[in-house]
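The following exercises concern a single protein model.

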Amino acid sequence: MQKLIITAAVTGSIPKKSKTPHVPTTPQEIADCALRCEEAGASILHIHVRDQQEKPSDDPALFAQVMDKLKGRTRLILQVSTGGRAGTDMESRTRRLQTDPEMASLTTGSVNFPNSVYANPPDLIQALAKEMLRFHIKPEMEVFDLAMIENALRLEREGLTPAPLHFNFVMGLPGAMPAKVEHLVHCRSCIPSDATWTVSGIGPAQLSMGVHAILMGGHVRVGLEDNIYFKKGELATNERLVQRMVHVSRTLGRETASPDEARDILGLGEKNRT
Ligand code: MG
């Protein structure tokens, strides 16, 4: 079985310091937290940025600051979110790709969140895919339901995303697929055999879906973006969530991938090789 790739999604759009003091929100905090997560065993950093009021931001300068603070200090694969809670127009979603990350998330459909629509219309998805192709950025297809797998496969057929594809199954978010192992098995059966996949279980499902993914040969995303608790009533830190997944994986007989091993598994190009 491939070594396990652990993604640290340390910030996200939602948790604020009033909810958990452990969420990093400034570029310096995000970079420092990323290094702790790398030390703990993560190989990908999924990046969101916030403004000074901790609101999700689409400012490419903030993304660039995070990356500058990490330059020369980390081997982590940097993956920029192109998620839309910080803005839905094409310009604000694509500009951050000019910071030249190795990877970026690409949600291949729209979702009803409890109080809003996470809108990803076809032309925006295509535009993001084209920009990623142009900058040699590997997309992580963020999949909230089965139709989004089909939409991602269509991008591949249309030549907008080179194979092998990499998927992230987001499970347990209201409006997305429920976090059930049957759904995870079905998702895996819907993707090409050369594709790689990870799972983002939301809330308490982060641990349970992560364990299933470890056993099924997939990869795992952890972090406060998706889950702020270590267990019921006990707040987590990002690095502790990474450490736990490393421990669980090794206990189950699966070693974890270094960032460069993760680059090999994901077929990343030469962009950030030593
Ligand atoms: Mg995200």
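This is a predicted model: local features need pLDDT of at least 70, side-chain atom pairs count only at pLDDT 80 or more; totals for chains, interfaces and linings use all residues.

**Exercise 1.** Determine which residues coordinate the magnesium ion and where His46 and Glu225 lie.

*Solution.* Begin with the donors: the magnesium ion is held by His46 (NE2), His48 (NE2) and Glu225 (OE), at 2.1 to 2.3 Å. Next, read their spacing along the sequence, which is H-x1-H-x176-E.

**Exercise 2.** Classify the ring pairs Tyr118 with Phe144 and Phe167 with Phe169.

*Solution.* The model has five aromatic pairs. For Tyr118 and Phe144, the ring centres are 6.0 Å apart and the planes meet at 75°; planes over 60 degrees apart count as edge-to-face, so this pair is edge-to-face. Tyr118 lies in strand β6 (residues 116-118) and Phe144 in the loop between β7 (138-143) and α5 (146-157), so the pair ties together parts 26 residues apart in sequence. Tyr118 and Phe144 are both buried. For Phe167 and Phe169, the centres are 6.2 Å apart and the planes at 20°; an angle under 30 degrees counts as stacked, so this pair is stacked. Phe167 and Phe169 are buried as well. Ring pairs also join Phe113, Tyr118 and Phe144 into a cluster.

**Exercise 3.** Identify which arginine residues lie over the ring of Phe230.

*Solution.* Arg240 lies over the face of Phe230, 3.7 Å from the ring centre. The charged end of Arg244 also sits over the Phe230 ring, at 4.0 Å from its centre.

How values were computed
Residues are numbered from 1 along each chain as its sequence is written. Side-chain values use heavy atoms; hydrogens and water are left out. Donors are N, O and S atoms within 2.8 Å of the metal (3.2 Å for Na, K and Ca); water is not among the atoms, so sites may look incomplete. Helices (H or I, at least four residues) and strands (E, at least two) are DSSP runs, numbered from the N terminus. Rings of Phe, Tyr and Trp (its six-membered ring) pair if their centres lie within 6.5 Å; planes under 30 degrees apart count as stacked, over 60 as edge-to-face and the rest as tilted. Buried means under 20% relative accessible area, exposed over 50%, partly exposed in between (1.4 Å probe, protein chains only). A charge sits over a ring if NZ of Lys or CZ of Arg is within 6 Å of the ring centre and within 35 degrees of the ring normal.
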